[in-house]
Structures are given as C-alpha cells and as structure tokens.
Amino acid sequence: MKQIVVISGKGGTGKTVLSGSLAALANNKIMVDCDVDAADLHLLLHPKVKERHEFKSGQTALIDRKLCKRCGKCIPVCRFGAIKDDFTIERFSCEGCGLCSLICPHKAIRMEEDVAGEWFVSDTQYGPFVHAKLGIAEENSGKLVAKIRQIAKEIAEKKALDYVIIDGPPGIGCPVIASLSGVDCALIVTEPTLSGLHDAQRVREVAKHFNISVNLVVNKYDLNLGIAEKIEAFCREQGIPVLGRIAFDKKIVEALVKGKTVVEHISSPVAEEIKNIWEQLKS
Amino acid sequence: MIISIASGKGGTGKTTVAVNLALSLKNIQLLDCDVEEPNAHLFIQPRIKEELKAYIPVPEVNEAKCNYCGKCREVCAYHAIAVLPGNECKKGNVLIFPHLCHGCGACSLLCPQSAIKEVNKEIGVIEIGEKDNIQFVHGCLNIGEAMSPPLIRQVKKYINPTRTVIIDAPPGTSCPVITAVKGSDFCVLVTEPTPFGLNDLILAVEVLRKLQIPFGVFINRSDIGDGKVDNYCEEENIPILMKIPFSREIAVSYSEGVPIVKKDSLYQDKFINMYINICTIINEANSRH
C-alpha cells in the first residue's frame with residue numbers, strides 16, 4: 001500500500017482539482033480529504049455518508065459564576081488572554097491548557113471537552129472516501145487530520161487497497177505536517193507565479209525536513225512560461241522530478257462548476273497530461 | 001482602523017486585495033499574517049529595516065532540583081512532557097517535546113520543586129520595513145514548526161493604531177485565521193465564483209459571524225464560474241464590495257509580482273471606493289450599537 005499526498009504551500013494552485021482526477025484514474029484506492037477546515041473534495045466525489053463520528057479534542061475553560069469570588073488570580077496566569085475582566089472566558093482565545101482551573105482557589109473553573117468537528121466514512125463512485133469537517137473556529141486541525149488518516153489506513157489495510165490518496169491543506173503548519181507524516185511520497189502542485197514558486201520551495205523544505213520524497217506538477221504553466229521555467233530549473237537543481245505541466249484551460253472551471261472531475265469532463269490535452277502524471281506517480 | 005483580508009479557500013486573491021488596497025490608500029500599515037506562506041513582500045518589496053527572531057517559551061528542567069514527582073506531566077494538557085521516575089539503580093528522566101508545547105506556563109508555575117524554568121525556542125522571524133508610505137510587517141514561520149498562532153500574535157503586537165492597518169490573513173477557518181482576524185473592525189472575504197469558492201465562503205462567513213466582525217465579499221475572477229456566490233450574498237444580505245474579472249493580463253502581472261494598481265490606475269479608484277464603502281458600513285454598524 002502506497003500513501004500519496006497532494007500539497008502546494010500556496011492555496012488555490014489546483015490540489016483538489018488534481019486529487020479529484022486521481023480519484024477517477026486510480027484503481028483500488030481510498031481517497032482522504034485532509035484540508036479539514038476548508039474541505040472541497042466532496043464537491044467532486046459526491047459521497048454517500050455511511051458513518052458519521054464526532055471528533056472530540058481539546059478543552060475550553062468555563063467559569064462557574066456562583067463559585068467565582070472574582071479574586072483575579074486566573075487573569076494574569078493565562079498566556080492566551082482568554083479571561084476577560086468580567087470573569088468570562090473568551091472561547092476563541094482559550095487554548096485549553098487548564099492552568100486557570102488548576103490555580104483557582106475556589107475551584108470555580110472547570111474544563112469542558114470540545115467537540116472540535118466531525119469525520120465521515122463514505123462511499124463514492126470512485127471507492128471509499130474519508131473526510132471531515134472541523135467545527136467553525138475550532139482548533140486541533142492537525143489531530144483531526146491524523147485521525148482520518150489513521151482511519152483511511154485501517155480501511156486500506158483491511159480491504160487490501162493499493163493506494164491511499166490524500167488531498168492536503170495549504171500552508172506549512174500543523175495540518176500539513178500531519179498530512180505529510182509517514183506518506184510514501186508527496187506531489188507538490190504549484191503555479192508559475194512568484195508566490196507559487198516561493199511557497200512550493202517552503203513546503204518542499206518541510207517535506208525534506210520529514211524525509212518525504214517529492215514530485216512536482218506545474219499547473220496553469222502557460223500563464224507565465226518564464227516563471228514556469230524557473231520552477232523547473234529549481235527542480236532540476238534539487239533533483240525533484242517534474243511529472244507534468246498542465247495548461248491553463250477554462251474548461252477546468254467548467255468541470256468544477258458541474259461537480260465533475262477534469263479527466264471525465266474534458267478530453268483536451270489537459271486530461272491527457274493528468275493521466276500521464278498518474279501513470280508516473282503510481283510507478 | 002483595522003481591515004483584515006481573509007478567505008476560506010486558498011488562492012482566491014487575499015494578497016492581491018491586501019496589497020492593492022494598501023497601495024491605493026494613504027497612511028497605511030500592512031501586516032502579512034499568513035506566516036506559513038507570506039507573499040505580500042513579493043509585491044511590495046519593502047526595505048527591511050529590522051529583523052527580529054520570534055520565540056515561544058518552552059520548559060527546561062533543572063535535573064539537580066527535580067525529584068521526578070510527575071506533577072508537570074499531569075498538568076500539561078498537550079502531552080508535551082513525559083516523566084520516567086527513577087529507582088535505586090537509575091536516575092529518573094524528564095522528556096520535553098517542544099513541538100507539542102503551547103507555552104502555557106503551567107508546568108513551571110506548578111512544579112513543587114521550582115525545578116522548571118522557561119527558555120526561548122525560536123519559531124520564526126518578524127521583519128519590519130517600509131516602502132514609500134507603507135509601513136510593512138510580516139512574520140515567517142520556521143520550516144517544520146507546526147504552530148503559527150503564537151507568531152501571528154507577535155506580528156500583531158506591531159499594529160500601529162495611528163494608521164489604517166491592513167492584515168493579510170492565512171486561508172482556512174481554524175485557529176490561524178481566528179488569530180489573524182480577531183480584533184479587526186472589518187473583514188474582506190475574498191472568493192471566486194466556483195463551487196469550491198462558495199463552499200469555503202460559507203464556512204468563512206460562519207467564522208466571522210461567530211467573531212461578530214462586520215464583513216463584505218470581494219469576488220475575484222468574477223466572470224468564470226457561475227452566479228451562485230452572488231445569489232448567496234444576496235440571500236444572506238452580505239454586501240459585495242468589489243469584483244475583478246478574470247484577465248490573462250492581470251494573471252500575468254500577478255505572477256510577476258506586479259500589483260494591478262501599478263498597471264491600471266482605474267483599479268486604484270475602485271479600491272479607494274471599496275475603502276469608502278467599508279468605512280460607511282463600519283459607521284452604520286457602530287451607530288446601531
């Protein structure tokens with residue numbers, strides 16, 4: 001079983017569009033959407049949810065007004081500025097460390113477990129799909145990513161699947177690290193812009209830091225051939241295989257609007273290029 | 001006044017809006033709070049005058065004082081400390097996992113032996129500079145570092161209240177975004193008229209409603225996709241602040257790090273109008289309270 005993650009650094013370079021096409025092309029696999037705070041892959045895969053689970057993680061402080069003597073000891077110890085002058089908790093600032101509840105002389109503060117989101121196991125026409133929805137303004141996205149990856153891996157082992165294909169989040173922080181850890185390879189999707197190049201270099205450094213081998217795809221490569229060449233030069237220098245160059249094509253947006261994967265919706269060179277990318281990636 | 005620029009979905013044009021708005025107005029401070037992937041500097045090219053390392057406090061154990069009682073492990077909500085008690089033949093040991101530490105200070109404050117002090121761990125850098133009349137601050141998270149909110153909070157300490165502050169936020173709907181937009185007077189949500197754009201816009205709207213920050217929508221590449229973002233905004237009574245159609249010319253100038261207001265001064269007027277519109281919305285919201 002091979003685990004492949006699609007990442008980008010910069011958002012909006014085409015991770016989910018490409019992941020959707022991989023879902024249509026790869027056989028005997030499970031799909032995972034690890035962009036848990038802005039998940040979109042379900043809009044292409046149209047899952048039928050079979051299992052729905054609460055994701056409990058982290059805690060938030062709660063002050064009991066009856067027990068609180070307003071002594072003020074909790075306010076200065078909170079590093080997150082989450083206790084307001086009127087002795088209420090600002091939920092979005094509380095990181096759940098519990099220090100306030102430990103030092104409160106009147107035992108007026110208790111910690112409540114958060115429901116930080118939900119995760120789902122679904123059926124799609126492309127096979128099984130594990131996805132999640134982080135609660136609005138919740139934290140612990142990295143832990144939710146780790147959870148759904150573990151579930152996907154278990155299903156893949158049980159069903160003897162060949163691939164776990166992961167649609168990753170943008171950035172380089174905790175959900176990205178959780179998406180990358182322990183995969184067999186990462187596919188970086190970037191675009192020929194200075195931002196795309198800059199961010200691809202940073203996310204590649206993260207992959208390197210965790211000893212993950214990377215491949216790269218330049219999406220919308222013909223929007224700026226000069227920068228596309230710079231990206232390829234960087235890849236040559238660093239020994240990163242460039243698996244493909246996808247042209248800018250408004251039909252990709254058309255497919256998206258229709259909720260269809262690119263390889264099924266259009267038969268342009270773009271679809272051929274994506275098929276070619278998958279052929280290289282699977283070998 | 002603080003205006004933050006956010007979006008659920010990445011790559012919709014947050015940095016484009018932040019940079020062009022900053023270049024269109026006077027007396028601006030631009031804060032790039034997308035510390036995982038900061039890009040505004042590529043467009044502004046500020047002269048960096050100061051570079052400061054950013055740290056979070058992590059525990060360090062003084063083995064001479066520690067009696068391996070395990071209190072620190074017990075109080076750490078993030079499982080960042082493990083304690084191996086000693087016996088007659090072997091000394092105990094305390095293991096610290098700094099990447100899990102949130103720097104809450106519980107362990108050092110509650111250690112009965114006062115054996116824990118906090119030391120600084122570098123998580124990134126903050127750079128401060130300027131370009132023409134724009135004051136510029138950004139944070140850049142170190143590679144391999146998981147937690148961006150502490151760095152975002154430190155970047156926001158440089159907010160200059162005498163200026164109009166524009167915050168370029170990270171994508172998503174979780175803690176980094178909340179940390180970046182919290183305390184703003186207004187938030188511009190940038191989206192594109194596709195199912196992905198709409199799905200993530202709806203999530204971002206929920207975040208801002210929870211935070212009670214007034215907001216409006218900016219539709220980028222407004223002529224590719226469908227009309228569902230427009231319909232949604234109308235139904236939800238959300239103001240559409242501005243639209244930019246797709247053009248290869250704009251895409252190419254973006255790719256090279258050239259802001260559109262520098263190519264086409266008409267856009268400067270549009271961004272100024274958006275700003276005036278934002279001020280009106282904020283004033284109306286304030287007068288209702």
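**Entry 1: domains.** I started with chain A of this predicted model and looked up how far apart its two domains sit: the C-alpha centres of domain 1 and domain 2 of chain A lie 40 Å apart. Domain 1 is made of two stretches, 2-46 and 125-282, while domain 2 covers 58-115. I then checked what joins them, and found 5 residues of domain 1 in contact with 4 residues of domain 2.

**Entry 2: chain A overall.** Of its 283 residues, 54% count as buried. I get 11 helices and 9 strands for chain A. Among contacts between residues at least 6 apart in sequence, 75% join residues at least 24 apart.

**Entry 3: the sheet.** Next I traced the strand order in chain A. The 9 strands form an open sheet, β3-β4-β5-β2-β6-β1-β7-β8-β9, with mixed pairing. β3 (48-63) and β9 (242-246) are at the edges with a single partner strand each, so one side of each has no neighbour in the sheet. The twist averages 20 degrees from one strand to the next.

I zoomed in on one pair: β1 (residues 2-7) and β7 (residues 185-190) of chain A run parallel and are joined by 4 bridges. In that pair, A:V5 stands opposite A:A186 of β7(A).

Then I looked at what packs on the sheet. Helix α1 (residues 15-25) of chain A touches β1, β2, β6, β7 and β8, and its direction makes about 160 degrees with that of β6(A). α7(A) touches β1, β7 and β8, at about 170 degrees to the direction of β7(A).

**Entry 4: the A/B interface.** I counted 51 residues of chain A in contact with 53 residues of chain B. On the chain A side, the elements giving two or more residues are α4 (99-103), α5 (141-158), α6 (174-180), α7 (194-209) and α9 (250-257). α7(A) gives the most, with 8 residues. By class I have 22 nonpolar, 18 polar and 11 charged residues on that side.

**Entry 5: the core.** Which residues have the most contacts inside the largest nonpolar core? They are B:L30, B:I166 and B:L189, in a core of 178 residues. Helix α7 (residues 195-211) of chain B gives the most to this core, with 8 residues. I followed up on B:I166: leaving aside neighbours within four places in sequence, B:I166 is in contact with B:I3, B:I5, B:A18, B:L21, B:A22, B:I28 and B:L30. In soluble globular proteins, nonpolar side chains tend to be buried together.

Definitions and conventions:
Residues are numbered from 1 along each chain as its sequence is written. Chains are lettered from A and ligands numbered from 1 in the order in which they are written. This is a predicted model: local features need pLDDT of at least 70, side-chain atom pairs count only at pLDDT 80 or more; totals for chains, interfaces and linings use all residues. Domain bounds come from an automatic or database domain assignment. Two residues are in contact if their C-beta atoms, placed from the backbone, lie within 7 Å. Ala, Val, Leu, Ile, Met, Phe, Trp, Tyr, Cys and Pro count as nonpolar, Asp, Glu, Lys and Arg as charged, and the others, Gly among them, as polar. A nonpolar core is a set of buried Ala, Val, Leu, Ile, Met, Phe, Trp, Tyr and Cys residues joined through C-beta atoms within 7 Å. A residue is buried if 20 or more other C-beta atoms lie within 10 Å of its own, exposed if 12 or fewer, and partly exposed in between; C-beta atoms are placed from the backbone. Two strands pair if DSSP finds at least two bridges between them. Axes are lines fitted to C-alpha atoms, for helices over the stretch in contact, and angles run from 0 to 180 degrees between N-to-C directions.
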